[in-house]
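Here is a short walk through one protein model. Keep the sequence and the 3D view side by side as you read.

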Amino acid sequence: MAKYLAQIIVLGGQAVARAFGRALKQEYAASQEAAKRAGGGQQGNQRAATNARSGITLDEAQQILNLNDLNDAEKVNKNYEHLFNVNDKSKGGSFYLQSKVFRAKERIDQELAERQKKKPPNEEEKSN
């Protein structure tokens, strides 16, 4: 009886170890792919840090606010205001969705602020 119990424990441990190993490999591959999509190098590190701070990626934020172009500030604000007001809890909306909309706008604002920091001073004069 003890022999069978020991075999069950060993087999169960092996199965858990294999599953953990596969999960670890998948996570490593996913993080490498995310770093590659983020631009790699210093830019990728900065974007990953911003994603970690805000808890949302730039792509996800664009999908939530239904945006293709971040440079159109009017459309960003228009979509944000509409979705935020539609999901107002007092109007029967969802607080969860409203907070997702808020976080998406916050993430886009962070990205735009980072782009402004990186923009050379002579480029700002040209746009004014």
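The protein has six helices and zero strands. Both are DSSP runs, numbered from the N terminus: helices are H or I with at least four residues, and strands are E with at least two. Read from the N terminus, the order of elements is α-α-α-α-α-α.

A word on the ground rules. This is a predicted model, in which local features need pLDDT of at least 70 and side-chain atom pairs count only at pLDDT 80 or more, while totals for chains, interfaces and linings use all residues. Residues are numbered from 1 along each chain as its sequence is written, and side-chain values use heavy atoms, with hydrogens and water left out.

Start with the whole chain. The protein has 128 residues, and 19% of them count as buried. Buried means under 20% relative accessible area, exposed means over 50%, and partly exposed lies in between (1.4 Å probe, protein chains only). The accessible surface comes to about 9700 Å². Carbon and sulfur atoms hold 55% of that surface. These areas come from the Shrake-Rupley method with a 1.4 Å probe; for residues, only the protein chains shown count as cover.

Now look at contacts, meaning heavy atoms within 4.5 Å. Take the contacts with a separation of 6 or more: 53% of them join residues 24 or more positions apart.

Which residues make up the largest nonpolar core? There are eleven: Ile-56, Leu-58, Ala-61, Leu-65, Leu-67, Leu-70, Val-76, Tyr-80, Val-101, Ala-104 and Ile-108. H5 gives the most, with three. Such a core is a set of buried Ala, Val, Leu, Ile, Met, Phe, Trp, Tyr and Cys residues, joined through side-chain atoms within 4.5 Å.

Setting aside neighbours within four places in sequence, Val-76 is in contact with Leu-67, Leu-70, Lys-105 and Ile-108.

Asn-79 sits in helix H4. Is Asn-79 buried or exposed? Asn-79 counts as buried because its relative accessible area is 15%. Beyond its neighbours within four places in sequence, Asn-79 touches Leu-65, Asn-66 and Leu-67.

Turn next to charged side chains. The structure holds five salt bridges. In each, a side-chain nitrogen of Lys or Arg lies within 4 Å of a carboxyl oxygen of Asp or Glu. One of them joins Lys-100 and Glu-60, at 3.5 Å from N to O. This pair links distant parts of the chain: Lys-100 is in helix H5, Glu-60 is in helix H3, and they are 40 residues apart. Lys-100 has 25% relative accessibility, so Lys-100 counts as partly exposed. Glu-60 is also partly exposed, at 29%.

Arg-107 pairs with Glu-111, with the closest N and O atoms 3.4 Å apart. Both lie in helix H5, four residues apart, about one turn of the helix. Arg-107 is buried, with a relative accessible area of 0%. Glu-111 is buried too, at 5%.

Glu-111 has a further partner. Glu-111 forms a salt bridge with Arg-115, the closest N and O atoms being 3.5 Å apart. Again the two residues lie in helix H5, four residues apart, about one turn of the helix. Arg-115 is partly exposed, with a relative accessible area of 36%. Through shared partners, salt bridges join Arg-107, Glu-111 and Arg-115 into one network.
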